[in-house]
Amino acid sequence: MRTARRPARADRLTTAPADRPTTTPAGHPTTAATDRPAPEPSALPRRAPLPARHPEPVLDVVVPVYNEEDDLERCVRRLHAHLVETFPYPFRITVADNASTDGTPRIAARLAAELPGTHWIRLAEKGRGRALHTAWSRSRAPVLAYLDVDLSTDLAALLPLVAPLISGHSDIAIGTRLARGARVVRGPKREIISRCYNGLLRGTLAVGFSDAQCGFKAVRRDVAERLLPLVEDREWFFDTELLVLAERAGLRIHEVPVDWVDDPDSRVHIVSTALADLRGVARVGRSLACGRLPLSALGRGGDLAGHLPAGLARQAVRFAAVGLVSTLLHLLLYTSLRPAAGAQAANALALLAGAVANTAANRRLTFGIRGYGGALRHQLKGLAAFLVGLALTSGSLAALHHAAPGSGHRVELVALIAANLAATLLRFLLLRAWVFPSRSARRTSGTS
């Protein structure tokens, strides 16, 4: 067995005041949920791989525990042996004790004394999120991870989890039990709850990651330093909130399918945890909708997203969704009005009927403008954009009837769909640059 690398000596015991305001290594305040505005995070530098020879611990694996005297020693010894055998960099294991009242502190202290690169901290209050927030904020390792003490996740996935962060490929990595390639053993009750929860996240917060709850995650320290001050939850919703904010900031999340076996002795109270998660989803959704989180400043140098105008991808997706509904409405109205009004009149009426609703929907959903201020001006400009669309679609019908006077209804629909696609692209550019310009564009035009 290879000799374990002994990282820089860590304190064997550190007592952390529960949720008392502290600071991260980046100097950001970290407190419990408050009404104060979140601090403005600084932009992230371009990702870079870690050097092959690194004298300090590269990975800090946190094991949050509360009254785990039966499982703690088995978990830490197994994790330590696995890292000694398979991990090519110096590492550290941190046991984060959430105010345990059994023999957990005594066992943690003994393990820290016996196993090189192992230490522990003790918090005065419970909360898995609180434990992770405290341990990650204090660590100087470039890669921070955590896993549950029950070791439900096979440790063979640990190196694939952290490798994309060490190489500089990704910002956060998560284990997933819901992606292709994962092998999961658990009862139907937890399976249904997990899938419903992750489906809820996709439906309400439009997340792209597949599994928010798997207790097997890692993050680069520079990312944690900027995101942790924005995360308010200190309980089970902590890592979900971290992932949502990271994704909205445009950071890269890597998923690793895992082998996972359910622990029948889980301490999670399903009902209370589910209610807390629902409250967390509502809170984060409100914060994102109101723009209270300063995520736009948290960019990565060198990423493709950094070369796109702010919010362009997200606006394009929402505009496409509104446009799809508008196109279907237009075709439905055109089909209904055409027998009585004729092709040109039916097209004009169908476009006009959807123009006001389309402008209002894009104003609210695509460009995030709320309230009635400037609504009339936006509608008038939207009608001007509508006239451009009308010219394109009416022109396509006129050209079709001139080139093929006997064209049937299906051919007309095909021509209208093609013209609508061109009109939609032009309309998006007009809405973004002229009808609903960004604040920076308004400032530029005002000073030119």
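**Getting to know the fold**

Q: In which helix is the place of Ala289?
A: This is a predicted model, in which local features need pLDDT of at least 70, side-chain atom pairs count only at pLDDT 80 or more, and totals for chains, interfaces and linings use all residues. Residues are numbered from 1 along each chain as its sequence is written, and side-chain values use heavy atoms, leaving out hydrogens and water. Helices (H or I, at least four residues) and strands (E, at least two) are DSSP runs numbered from the N terminus. By that numbering, Ala289 belongs to helix H8.

Q: Why does Ala289 count as partly exposed?
A: Buried means under 20% relative accessible area, exposed means over 50%, and partly exposed lies in between (1.4 Å probe, protein chains only). Ala289 counts as partly exposed because its relative accessibility is 34%.

Q: How many residues does the largest nonpolar core have?
A: A nonpolar core is a set of buried Ala, Val, Leu, Ile, Met, Phe, Trp, Tyr and Cys residues joined through side-chain atoms within 4.5 Å. In the largest one, Trp136, Ile172, Phe209 and Leu227 have the most contacts inside the core. The number of residues in this core is 43.

Q: Which element gives the largest share of this core?
A: Elements that give two or more residues to it include strand E6 (118-123), helix H3 (128-138) and helix H7 (238-248). The largest share is 6 residues, and it comes from H7.

Q: At roughly what angle do the axes of helix H10 and helix H11 cross?
A: Axes are lines fitted to C-alpha atoms, for helices over the stretch in contact, with angles from 0 to 180 degrees between N-to-C directions. The axes of H10 (residues 343-366) and H11 (residues 375-403) come within 9 Å. They cross at roughly 145 degrees.

Q: How far apart are the end C-alpha atoms of helix H12?
A: The expected span of a helix is 1.5 Å times one less than its number of residues. H12 (residues 409-435) has 27 residues, and a straight helix would reach 39 Å. Its end C-alpha atoms fall short of that, at only 34 Å.

Q: What percentage of the residues in the chain are buried?
A: The chain holds 13 helices and 12 strands. In H12, the buried residues include Glu412, Ala415 and Leu416. Of the 448 residues in the chain, the buried ones make up 47%.
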